Amino acid sequence: MGTIAERGLDGLTMAGLGREVGMSSGHLLYYFRTKDELLLQTLEWSEGRLGAERSALLSRPGTVRDRLDGYVEVYVPAGPRDPHWTLWLEVWNRSQNADDDARARQAAIEGAWHRDLVAILAEGVSRGEFRAVDPDRFATRMRALLDGFSVHVAVGIPGTGREQVLDHVREFITETLISRT
């Protein structure tokens, strides 16, 4: 994952990766078949780790708003060249030419993030912490906002560091979800 994030997939050769991990390029190709498959499996592995972190976050005590803020903190990259987000950028870049299986696997990863956000929003609405919104529609829009900001953080666009983005998203949540009494 670190090698892909550091060099990008175009700068990665199977021979070079093999040297770094102590395997032959033939051995890597036996397991992964292509660099695109290696990329997707690396992303799936990374997402498994984030999925466990998200699950722990969703089950912790506290307000729904606290859990939503935690979700956002897990979602937004740590900074430029964040390894996880660099993987996502590489996958998105290659997804136009991906086969149906690869696209379905990518959709499954995206779907898990979406379902978790929908669950948080639905709980917030049902508990009266959030104003009445359609959780699925709001989650779609919020993830688009998060994706856009996250790409800016991951590629290092000036003025869109992690803290600025978190502030923007918190403000958006307050303005759009918090019930006014």
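**Entry 1. Chain overview**

I began with contacts, meaning heavy atoms within 4.5 Å: among those in the chain between residues at least 6 apart in sequence, 69% join residues at least 24 apart. I note that this is a predicted model, in which local features need pLDDT of at least 70 and side-chain atom pairs count only at pLDDT 80 or more, while totals for chains, interfaces and linings use all residues. Residues are numbered from 1 along each chain as its sequence is written, and side-chain values use heavy atoms, with hydrogens and water left out.

I then looked up the secondary structure and found nine helices and zero strands. Helices (H or I, at least four residues) and strands (E, at least two) are DSSP runs, numbered from the N terminus. Of the 181 residues, 44% count as buried. Buried means under 20% relative accessible area, exposed over 50%, and partly exposed in between, with a 1.4 Å probe and protein chains only.

**Entry 2. The nonpolar core**

Which residues have the most contacts inside the largest nonpolar core? I found L68, Y71, V72 and M142, in a core of 35 residues. Such a core is a set of buried Ala, Val, Leu, Ile, Met, Phe, Trp, Tyr and Cys residues joined through side-chain atoms within 4.5 Å. At least two residues of this core come from each of α4, α5, α6, α7, α8 (135-155) and α9 (162-177). The helix that gives the most is α8, with seven residues.

Leaving aside its neighbours within four places in sequence, L68 is in contact with L117, I120, L121, F130, M142, I173 and L177.

**Entry 3. The largest pocket**

I turned next to empty space. Rolling a probe the size of a water molecule over the atoms shows where such space is left. On a 1 Å grid over the protein atoms alone, a pocket is an open set of points where a 1.4 Å probe fits, with protein on both sides within 12 Å along at least five of seven lines; lining residues have an atom within 4 Å of a point.

The largest pocket has a volume of about 260 Å³, a volume being the space filled by probe spheres set on the points, which are joined across faces, edges and corners. Its lining has 16 residues, and D36, E37, L40, A98 and A102 lie nearest the centre. I found that α4 (35-58), α6 (83-94) and α7 (100-126) each supply at least two residues of this lining. By class, the lining has five nonpolar, four polar and seven charged residues. Here Ala, Val, Leu, Ile, Met, Phe, Trp, Tyr, Cys and Pro count as nonpolar, Asp, Glu, Lys and Arg as charged, and the others, Gly among them, as polar.

**Entry 4. The second largest pocket**

The second largest pocket has a volume of about 200 Å³. Of its 15 lining residues, L50, E53, V74, D82 and H84 are the closest to its centre. The largest share of this lining, four residues, comes from α4. By class, I recorded eight nonpolar, two polar and five charged residues.

**Entry 5. Two loop residues**

Is T160 buried or exposed? T160 is buried, with a relative accessible area of 13%, and is found in the loop between α8 and α9. Not counting residues up to four places away in sequence, T160 touches H152, V153 and V165.

R81 is found in the loop between α5 and α6. R81 has a positive phi of about 65 degrees although it is not a glycine. I recorded R81 as partly exposed, with a relative accessible area of 46%.
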